[in-house]
Amino acid sequence: MQTFCKKISKLIFVCVLIFCAAQKPSAQNKSNYFKDALKENREKFYKKIVSGINKNLSLPFTTENEDQLSSAFYSIGLVKYKSAFVDNKIDTAVKTILYRSIDYQKALVNLINSDYPKKYEANIFALFKNTTDAKLMAMAANYILPTATPLQLKTMQLQTTSQLAQSNDNAILYELNEQLKNHNKNIVTPSIKTFFTKNYLPGQVLVFSFQRKDRNYPGLVIVRDTTGNFIKNEESNYFSVGQLARSASNMPGYITNGNTPQGFFKMNGFDTSNSFFIGPTTNIQLSMPHEYHPFVVDNKLIDTTWSLQQYKDLLPTNFKNYHPIYGTFYAGKAGRTEIIAHGTTIDTSFYTNQSYAPYTPSAGCLCTKEIWNNKTGLLQTSDQLLLTQAIKKAGGPYGYLIVVELDDKKRAVTLSDIIAFLE
């Protein structure tokens with residue numbers, strides 16, 4: 001199971017429960033009550049988190065205190081806590097980042113990528129040049145890329161290709177190399193019309209999650225049944241609900257705990273979670289290539305080994321040579337696991353000022369909107385419940401969920417973006 005840090009303190013253990021990487025299957029729970037949604041409990045939790053942040057950041061920045069400091073970084077990212085004291089301590093942490101362990105470095109880069117963009121470009125460029133850890137290289141590169149100079153971009157390309165030559169089967173280095181080669185190139189998504197034809201993957205339940213390239217804006221999910229028809233609601237309108245595919249770190253999908261990768265997920269049924277931050281609403285279990293066998297829904301095919309061609313065969317013709325849609329293939333090869341589609345019991349007030357509010361980020365899962373009443377603790381609004389009902393109506397949670405980025409518009413995906421293809 002993927003976690004943020006192998007050595008975690010009690011506080012960070014509480015915090016990482018937010019992420020679906022900590023999700024564990026449990027018996028079906030139909031409860032619509034969550035006691036920690038009550039106002040007094042929300043306030044108590046927030047105070048505890050902030051107290052822990054300030055306490056841990058007050059420690060000396062030494063090797064012995066890395067676990068506690070990493071815990072503070074994750075907690076800050078969770079609740080979006082800012083203060084002059086915190087900002088000053090993050091400055092100190094970044095200045096000394098070269099002398100810390102890899103796990104600590106990753107924890108800090110995750111935080112600043114989401115909460116302190118562009119501010120520490122020079123420090124993180126130095127980190128990129130001084131590390132040989134593939135994942136840390138990719139994380140550092142993604143922090144630098146938005147403001148990278150031509151010289152920086154060339155340096156990152158040369159170091160990545162050099163590392164890839166020594167480890168030519170490393171999926172993270174391969175994806176980073178592709179990302180650097182195509183930086184600032186306008187790669188247009190092929191027409192999604194081919195996904196809407198009735199003869200596309202006939203007999204399969206399909207769930208489509210259409211997203212923006214900028215994951216700071218929520219996407220939209222629709223459901224197709226086994227006969228090729230898209231599910232409608234009681235008012236005879238096409239069913240759709242919003243879905244956020246952004247992680248807390250906002251790293252790309254091939255990096256563990258990054259955004260939900262594009263491409264195919266196999267649906268493996270419904271379940272519920274024990275996670276304090278996912279909540280009791282039914283979730284959709286998913287798997288990527290390399291993670292689960294068999295992945296291809298075909299009784300005649302037993303895919304105990306994986307090839308790129310097997311994945312390519314699932315795609316419409318106009319997408320077969322579109323590299324971004326192979327995201328789940330390479331994410332699975334890189335070792336990502338346990339991405340699911342779930343609701344949320346996270347306090348939405350943490351993200352009031354974010355463009356994706358009232359959705360809550362995760363560690364790369366697909367998260368729908370859920371609102372819990374802070375006076376009664378009862379579930380007030382649940383798009384996750386509506387989604388699972390639509391999937392049941394379509395034939396059940398066994399088929400494919402497909403994530404596709406439409407474009408780079410700076411707004412949420414709405415039904416108007418795809419209605420022409422539905423009709």
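Here are a few questions and answers about this predicted model.

Reader: Is strand β11 enclosed or open, and how many of its residues are buried?
Author: Take β11 as residues 399-405. The strand is largely enclosed by the rest of the structure, because the buried count is seven of the seven residues.

Reader: Is S362 buried or exposed, and which backbone nitrogen does its side chain reach at 2.9 Å?
Author: S362 is in the loop between β7 and β8. Its relative accessibility is 1%, and buried means under 20%, so S362 counts as buried. A polar atom of its side chain lies 3.1 Å from the backbone nitrogen of G364. The one at 2.9 Å is the backbone nitrogen of C365.

Reader: Which helices do the buried residues of α9 pack against?
Author: Helix α9 spans residues 171-181, and eight of its eleven residues are buried. Among them are I172, L176 and L180. These buried residues of α9 pack against α7, α8 and α11.

Reader: Which residue caps the N-terminal end of α9?
Author: Check the backbone nitrogen of I172: a side-chain oxygen lies 3.0 Å from it. That oxygen belongs to the capping residue, N170.

Notes:
Residues are numbered from 1 along each chain as its sequence is written. This is a predicted model: local features need pLDDT of at least 70, side-chain atom pairs count only at pLDDT 80 or more; totals for chains, interfaces and linings use all residues. Side-chain values use heavy atoms; hydrogens and water are left out. Buried means under 20% relative accessible area, exposed over 50%, partly exposed in between (1.4 Å probe, protein chains only). Helices (H or I, at least four residues) and strands (E, at least two) are DSSP runs, numbered from the N terminus. A polar contact is a pair of N or O atoms within 3.5 Å; within protein, one must be able to donate a hydrogen and the other to accept it, and residues adjacent in sequence count only if both atoms are side-chain atoms. Contact means heavy atoms within 4.5 Å.
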